[in-house]
Amino acid sequence: MTAVYPLGLNIVLARVDGALYALAGACAHMGCPLYMGTLDGFSLVCPCHDWRFDIRTGRFRASHELGLRTYPVKAENGKILVNLA
Ligand code: FES
């Protein structure tokens, strides 16, 4: 995982099984930087208190009312493009 900041937005990029995912980079709990967390399959595990988010949907695993914004992302001509709209 890595952090990127297009237009000043905090976004974490992850690649699992060749697929790219882009999510809000600050944890929905207390804002810890998610790029410093770990991946467990499709779960992004926050480094601070181990909250788990599904990187495909952004949903918090323990309660689907909470979650992270996700962004469409693709690789093209050697670049990673994140749709911020
Ligand atoms: S800040 Fe992420 S789990 Fe607490």
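# Reading an all-strand model

The secondary structure of the protein chain comes to 0 helices and 9 strands, and the model is a predicted one.

Q: What share of contacts in the protein chain join residues at least 24 apart?
A: Counting contacts between residues at least 6 apart in sequence, 34% join residues at least 24 apart.

Q: How many bridges pair strand 1 with strand 2?
A: Strand 1 pairs with strand 2 (residues 11–16) over 3 bridges, in the antiparallel sense.

Q: What should I expect of side chains along a strand?
A: In a regular strand the side chains alternate between the two faces of the sheet.

Q: Where is there a hairpin, and how many residues lie between its strands?
A: Strand 8 and strand 9 form a hairpin with 2 residues between them. Strand 8 (residues 73–76) and strand 9 (residues 79–82) run antiparallel and are joined by 4 bridges. In this pairing, Lys74 has Leu81 in strand 9 as its bridge partner.

Q: What does the backbone do in the turn of that hairpin?
A: The general idea comes first: most residues other than glycine have a negative phi. Asn77, in the turn, has a positive phi of about 50° although it is not a glycine. Asn77 counts as exposed because it has 5 C-beta neighbours inside 10 Å, and the cut-off for exposed is 12 or fewer.

Q: Which phi does Asp17 have, positive or negative?
A: Asp17 is not a glycine, yet its phi is positive, at about 50°. Asp17 lies in the loop between strand 2 and strand 3 (19–24). With 6 other C-beta atoms within 10 Å, Asp17 is exposed. Asp17 and Gly58 are 41 residues apart in sequence and 17 Å apart in space, C-alpha to C-alpha.

Q: Which residues have the most contacts inside the largest nonpolar core?
A: A core is read as a connected set of buried nonpolar residues. The largest one here has 13 residues, and those with the most contacts inside it are Leu23, Leu34, Phe53 and Ile55. Strand 2 and strand 3 each supply at least two residues of this core, and strand 3 gives the most, with 3 residues. In the protein chain, buried residues make up 18% of the 85 residues.

Q: What does Leu23 touch, leaving out residues up to four places away in sequence?
A: Leu23 touches Ile11, Val12, Ile55, Gly58, Leu68, Arg69 and Thr70.

Q: Why does Arg61 count as partly exposed?
A: Arg61 has 15 C-beta neighbours inside 10 Å. Partly exposed lies between the cut-offs of 12 or fewer for exposed and 20 or more for buried. Arg61 sits in the loop between strand 6 (52–54) and strand 7. Not counting residues up to four places away in sequence, Arg61 touches Ser43, Arg52, Phe53 and Asp54. His29 is 32 residues from Arg61 in sequence and 13 Å from Arg61 in space, C-alpha to C-alpha.

Q: Is Asp50 buried or exposed?
A: Asp50 is exposed, with 10 other C-beta atoms within 10 Å. Asp50 is found in the loop between strand 5 (43–45) and strand 6. The C-alpha atoms of Asp50 and Pro72 are separated by 25 Å, and these residues are 22 apart along the chain.

Terms used: Residues are numbered from 1 along each chain as its sequence is written. This is a predicted model: local features need pLDDT of at least 70, side-chain atom pairs count only at pLDDT 80 or more; totals for chains, interfaces and linings use all residues. Two strands pair if DSSP finds at least two bridges between them. Two residues are in contact if their C-beta atoms, placed from the backbone, lie within 7 Å. A nonpolar core is a set of buried Ala, Val, Leu, Ile, Met, Phe, Trp, Tyr and Cys residues joined through C-beta atoms within 7 Å.
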